[in-house]
Structure formats: structure tokens, C-alpha cells
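Student: Could we go through this structure together, one question at a time?
Tutor: Gladly, have a look at it here.

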Amino acid sequence: MTVAITGGAGYIGAMLADELLAAGRPVRVLDSLLHGQEDIAAELEGKGAEVIRADVRDADARRRLVDGAEAVVHLAAIVGDPACAKDPALSEEVNVEGSRLLVQDARAAGVSRFVFASTCSNYGRMDDPTVPIDETGKLAPVSLYAEQKVGIERMLLDGGGANGLAPTCLRFATVYGVGRRMRFDLTVNEFTRDLWAGRHLEVFGELFWRPYIHVADAARAVRTVLEAPGEKVAGRVFNAGHSDENYRKLDLVELITGTLGRGDVGYVSRDEDPRDYKVSFERIRSELGFVPEMRVPTGIEEIVGALEGERFGDPFDGRYSNI
Ligand SMILES: NC(=O)c1ccc[n+]([C@@H]2O[C@H](COP(=O)([O-])OP(=O)(O)OC[C@H]3O[C@@H](n4cnc5c(N)ncnc54)[C@H](O)[C@@H]3O)[C@@H](O)[C@H]2O)c1
């Protein structure tokens with residue numbers, strides 16, 4: 001019943017590995033530790049996980065990962081619009097080609113479930129962002145990162161289901177909250193850190209909507225899929241988040257400054273961030289019974305508490321960012 005996780009030492013992955021280990025499931029992780037997460041890898045080993053420190057492009061490592069595994073959760077990637085834009089060739093190799101080869105190997109090894117980490121960024125800019133979009137809505141990716149995710153989803157859903165791999169695509173909302181591998185390059189986390197540190201925050205596109213999910217809930221969403229009856233999830237796409245957790249950046253800033261009691265914020269009216277989407281998470285709620293436990297306001301308090309407790313050393317350290 002081994003679960004093989006690519007990117008298992010990452011922001012979502014380390015929380016997922018912990019969650020599955022605590023539930024008594026054997027866990028095998030493949031991660032290149034791109035952001036220097038040797039401490040996390042060692043901790044996971046201490047808890048009983050097998051950790052393969054390797055690149056998803058390494059054929060031997062991929063085969064070791066999938067050998068005898070019941071399920072594969074594919075999280076490893078060059079993550080985010082800026083990181084993909086910075087090195088398009090690398091992101092193509094890791095995200096697109098790496099996923100294709102992993103799917104091939106998983107299929108050959110007889111893996112029976114494949115969960116792919118996709119993103120609500122696939123919806124891009126909606127015509128009417130006030131009406132929540134669901135999984136049947138039009139995909140309009142506006143970045144290379146999201147285009148790659150859309151392409152991988154297609155590759156999985158067009159061919160995978162028919163070949164016994166039973167793929168599920170989870171389109172995560174933007175993740176926030178304190179994780180084992182912290183990321184401060186994500187909106188809620190970044191805004192909270194910057195305002196807590198007394199820095200001036202410039203906000204672009206403050207009226208644009210976006211959905212959010214706590215990192216622990218993102219891990220729970222994956223576990224929910226792994227534990228659901230196969231026929232409910234095979235060949236399916238689920239948005240992962242909560243329908244009440246769509247916010248504009250302006251709302252986030254108000255919540256954070258309200259929590260801190262201060263904040264130096266400027267709004268820039270340039271149309272910098274073309275992603276504007278409000279998402280419905282009814283499918284995952286009604287079909288799988290998944291409802292996130294955390295809410296953004298509580299998550300902000302959690303981040304402030306961790307910053308106050310000096311949990312991250314220097315929260316501006318480059319290892320907390322994918323950019
Ligand atoms: N965080 C979000 O807001 C969010 C939202 C939607 C989807 N996702 C998706 O979820 C997944 C995990 O994202 P995350 O936020 O945990 O990011 P992350 O960067 O913390 O995790 C990615 C992990 O992959 C590893 N990795 C990178 N390149 C690799 C390679 N070539 N071989 C092996 N390992 C490699 C990194 O070391 C890291 O541990 C990604 O696929 C991402 O696209 C994240």
C-alpha cells in the first residue's frame with residue numbers, strides 16, 4: 001500500500017508525507033531538494049519514509065520510486081509562473097517531459113492510482129469572475145506554468161484512464177499557511193510576512209479574485225482522493241479548496257492589517273496580474289465530502305504567530321521562495 005510522492009519534501013509534499021505516515025501508510029519520496037530541504041528529507045526518514053534524493057528526470061530513480069507502489073502522487077515541478085518563465089526549457093523538461101515519463105513508468109509498474117497536482121490557475125482570466133467557475137468551465141491559462149498544467153491534465157485524462165492508471169487531477173487553490181517547507185512567495189504568506197516586517201507592500205490588481213487553501217488542507221485533499229473508492233475519482237478533475245474562501249487581494253490586505261493593527265500598503269492600478277478567477281469547490285465537497293478545516297483569517301494568525309516565534313530564522317531567506 002506504498003504511496004510514492006514526487007516533490008515529497010516540498011511545501012505541500014512534506015505535509016502530505018507527514019499526514020500519510022501518521023495514518024500508518026508506507027511512504028516513498030522522490031525529491032531533488034531543489035530548495036535545500038535536506039533537514040526535511042532527514043526528518044521524513046526518521047519517521048520511516050524512504051527518501052530518494054534524485055531528479056524526476058532520472059529514469060532509474062523514477063523506477064525505484066514506482067516499484068511496488070500502489071499510488072503515485074505527483075507534486076514535483078518547477079512551481080509557479082515566475083519560476084517557469086525564468087527557465088522555460090527546464091520547466092518543459094521537468095514539468096512536461098518528467099510527468100510524461102513518470103506516467104509511463106507508473107503504468108508499466110502496475111500503479112493503480114495517480115494523483116496529479118494541478119492548479120486553479122488553469123482558469124486564467126474569467127469573462128465574469130464574480131460567477132464561480134467549476135471543473136467544467138473553460139480553461140484559459142495565461143502563463144507557461146498553467147499551460148503546462150493544462151497539457152499534463154489532458155495527457156492524463158485522454159490516455160491514462162483507459163490504460164488502468166486511474167488518474168485524478170486536483171486543481172489546488174493558491175496555498176497558504178505554515179508548512180514544513182515554508183514558502184513566502186505565495187500571496188497570503190508573502191503579504192503577511194512583508195507587513196509583519198514593517199515593509200511597504202505594493203499590491204497589483206487588488207480587486208482580482210483568487211481562491212485559497214491551507215497547506216494542511218491541500219495535503220488532506222490528496223489523502224481524501226487516495227482513500228476514496230476508485231470509481232469516484234478515476235479519470236476525474238476536482239478543484240481543491242472551499243467555495244467561501246475566494247478573496248480579492250484587497251480583502252487579504254484588510255485581514256492582515258486588521259490582525260497586525262498596522263500596515264504600509266500601496267495599490268498600483270496597472271493591470272499586472274492577469275489571473276482573475278472565483279472558483280466553486282462544490283464537486284469535491286458533495287462527491288468526496290472534502291471540506292477544508294482552515295480559513296484564511298486563522299491562517300494569517302498562524303503565520304504571524306510563527307513569525308513572532310522566529311520559526312523561520314530570516315523569513316526573507318531565498319530558500320523560502322521558488323523565484
Ligand atoms: N502552492 C500552491 O499554491 C500550489 C497551487 C496549485 C498547484 N500547486 C502544485 O502543487 C505541487 C507542489 O507545490 P508546492 O507548493 O509544494 O511547491 P514546492 O516547490 O515546495 O514543491 C515542489 C517540490 O518538487 C521538488 N522538485 C523540483 N524539481 C524537481 C525535479 N526535477 N525532480 C525532483 N524533485 C523536484 C522540489 O524540491 C520541491 O520539494 C506543484 O506541482 C505545484 O504546481 C501548488
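Tutor: A residue is buried if 20 or more other C-beta atoms lie within 10 Å of its own, exposed if 12 or fewer, and partly exposed in between, with C-beta atoms placed from the backbone. Helices (H or I, at least four residues) and strands (E, at least two) are DSSP runs, numbered from the N terminus. This is a predicted model, where local features need pLDDT of at least 70, side-chain atom pairs count only at pLDDT 80 or more, and totals for chains, interfaces and linings use all residues. Residues are numbered from 1 along each chain as its sequence is written.

Student: How many of the 10 residues of helix α7 are buried?
Tutor: Helix α7 covers residues 187-196. Its buried residues are Val188, Asn189, Phe191, Thr192, Arg193, Asp194 and Leu195.

Student: Is Leu33 buried or partly exposed?
Tutor: Leu33 sits in the loop between β2 (27-31) and α2 (38-46). Its phi is positive, near 50 degrees, though Leu33 is not a glycine. Leu33 has 16 other C-beta atoms within 10 Å, so it is partly exposed.

Student: What is the phi of Ala166?
Tutor: Most residues other than glycine have a negative phi. Ala166 lies in the loop between α6 (144-160) and β6 (167-172). Ala166 is not a glycine, yet its phi is positive, about 50 degrees.
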